[in-house]
Amino acid sequence: MAASPTPTIDIESLGLDQGALLLIRRALAERPVGGELRVRGQSPDWRMHLEAWCRSQGHPLRFETAEEATVTRGPHAEGRWLGAQSTGFAQGDANGAPAEDAAPGWGLAARGATVEAGSPPFFFALYRRDEVWAATAGELYRQAAAAQWDPGTAIDWDAPFDLPLAVEAAVVQVMTYLIENENAALLVPARHLGQIHPHFREVLQLLALQCSDEARHVEVFTRRATLRGHQPALSTAGGQASLRTLFDAPDFSVATFLLAVLGEGSFVNLLNFLQANAPDPVTRQIARLTARDEARHVAFGMAHLEYRLSVQPDYQARLRNAIEVRYDTLASTAGLNEEVFDALVLLAAGELSPSAVARGHAAVQQLQRDMAAGRRARLARLGFDRDEAQRLSDLHTRNFM
Amino acid sequence: MSEPTLIMGAVAYAPKVVTIWEGFKAFFVKNGLPFDYVLYSNYESQVEAQFDGTLHLAWNSPLAWVRAERIARSRGQQVQAVAMRDTDCDLRSAIVVRADSTVQSLADLRGKTIGLGALDSPQATLIPLDHLRTEGLVKSRDFQVRYFDVLGGKHGDHIGGERDAALALMAGEVDACCLIDGNHLAFGLDGTLPSGSTRVLARTGAYDHCNFTTSPGAPAALIDRFVSLLMAMRWDDPQVRPLLELEGLREWRAGRTSGYALLERAVDDEHFYDGDGRITNPDYRY
């Protein structure tokens, strides 16, 4: 049987420094180790460059004629991919879920990529799926990406309004309070974000947008606070102590529980209250847009905890403890400051007359009932029975967040 | 009594040298060879240390090999080249002009200025000068030179001299420049010498580059173990591959000394070292 002819590639007058290397590399990759490839060329330096390249890559080379060389495929090229690791599938498993544990050696590689052995390990504290995952993470990310808005154009900053000085001061006080809460809502997920293995990319992407949402909220609340030339107002030790417990939460799930399920959940009620009761159109627009974002954050928090409890039912005890410990920590603090409480009343009242204040006060009391009912409902969805949900909801900080 | 440690010298021509030899040291020690290394800022001091008992062997440039061999011979001693990289064998340098140059042959370089690498670069200075001399062209008499003398004492290991010479060629400051063939390709790929902008006027003969040079009286058993561990390094071993990539090789090979004839001749003709390995070039700084 006649030996099959040696494959030939003609790079014509294309130089190796003009792209011919690509053609040679591809043709050589189709040969087995030890197999030969004939290369024909005409560019002035192709022989010299081929010689230098083959030497550097470990491919033996001989020239047959001035226009023709034979390259033998060296054994080294595939060495690079021996022992390479697969990092799962880009779209996850049949249920769309990523791997259970993400290996340090997968590093920053795309999910589904093939990673060269010897890649440096990255030590992410959050590398276990159950500690971060939510079944709806991908869908929530897509929603979040589609719902981004530009603070410069989404809000009509020039909308005309005129408020009594005391009411404007109340708006400034509420904005001041919102800003410190949003700082917490930005920084708590951000502190976990850098600890999450990028294999869980949907969670990473979603949290990144959450941070971006909060950054935008800080901007719009600041712009509203200073819209009429005022500086932000008062921040209390009790308020900050309450937020501090979110920073000190021991793990991602507990932090998510305290921040998203309890805090941001109540926050949505507060923003809805402002949308309905704020005395000026700018504040109402801000409240409407920010409430929409916050509702998504709550949805992720709930989805993550539902997932975690589905695979680890006894984790519920950790959630209960987290509320109780936080209650004890904050027992000696003042809770919601009276400046903020009074400001909310005044906002809903719109003026300082007794009848208006009575109306505002009733509205704030309704807000507090709505917040408690929301917390109870979310706790019930996480599997707490009715009485337990009531008890835990009552233990929630009076700071709302 | 603890086993003696094999001490190797290497020249710190770039920061990566520390990474390379720390990595290799860990590999040797893990495989049972007590090994340590000493870094030098130049090959001249390193070669001298091979004769005062400091070093058992040295990772030498070809020029350092020539000097070590001459010093040994003058003392009635012997040094050996025990290993080298696959990429050290059969290199060539090129003498390059701009594509639009009127220079069509080496003879046309008479009266012109040629850009060289460092004064002590085998590939970008000494061997190209030797090639020109064999073609009847002698430095200063037939043409002028301009040295791009980056990091003296490193024997041209630093690519900077060749790059500077290439840039000077493109800027019209020199009429030709000399560089190793692989760098001509690399400079074409990275845009230093845009493809098609230069013409290769001549290529030198083939020559070899670095080797591990033993010192006189080096402990043979340790050297043997060292060489066999080098030969056992595999490019498909992910622990070793990054080091081999940094050092620029796919596999280690047994040392050979058949590829240094061109450089030997250049060293004599350029009066770089004398027959006993003494430095005789008065302009050499390291």
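## Second largest pocket

Helix 2 of chain A contributes 3 residues to the lining of the second largest pocket, the most of any element. Helices are DSSP runs of H or I with at least four residues, and strands are runs of E with at least two, both numbered from the N terminus. A pocket is an open set of points on a 1 Å grid over the protein atoms alone, with protein on both sides within 12 Å along at least five of seven lines; lining residues have an atom within 4 Å of a point. The volume of this second pocket is about 340 Å³, where a volume is the space filled by probe spheres set on the points, joined across faces, edges and corners.

The lining has 14 residues, and A:C54, A:R55, A:H59, A:P60 and B:R253 lie nearest the centre. By class there are 5 nonpolar, 3 polar and 6 charged residues. Ala, Val, Leu, Ile, Met, Phe, Trp, Tyr, Cys and Pro are counted as nonpolar, Asp, Glu, Lys and Arg as charged, and the others, including Gly, as polar.

## Basis of the values

The model is predicted: local features need pLDDT of at least 70 and side-chain atom pairs pLDDT 80 or more, while totals for chains, interfaces and linings use all residues. Residues are numbered from 1 along each chain as its sequence is written, chains are lettered from A in the order in which they are written, and side-chain values use heavy atoms, without hydrogens and water.

## Largest pocket

The largest pocket holds about 1,100 Å³ of space. Of its 36 lining residues, B:R85, B:I159, B:I180, B:N183 and B:G248 lie nearest the centre. Two or more lining residues come from each of helix 2 (46-57) of chain A and helix 6 and helix 8 of chain B. Helix 6 of chain B gives the most, with 6 residues. The lining divides into 16 nonpolar, 10 polar and 10 charged residues.

## Interface of chains A and B

Chain B brings 24 residues and chain A 22 residues to the contact, defined as heavy atoms within 4.5 Å. About 2,000 Å² is buried between the chains, 55% of it from carbon and sulfur atoms; buried area is the accessible area (1.4 Å probe) lost when two parts are put together, summed over both. B:L185, B:R241 and B:R250 supply 27% of the area that chain B buries against chain A, more than any other three residues.

There are 5 salt bridges between the chains, each a side-chain nitrogen of Lys or Arg within 4 Å of a carboxyl oxygen of Asp or Glu. In one of them B:R92 pairs with A:E51, with the closest N and O atoms 3.2 Å apart. On the chain B side, helix 6 (181-190), strand 9 (198-203) and helix 8 (241-247) each supply at least two residues. Helix 6 of chain B gives the most to this side, with 6 residues. The classes on this side are 8 nonpolar, 6 polar and 10 charged.

## Cavities

The count is 2 cavities of 30 Å³ or more; in a cavity a 1.4 Å probe fits but cannot get out.
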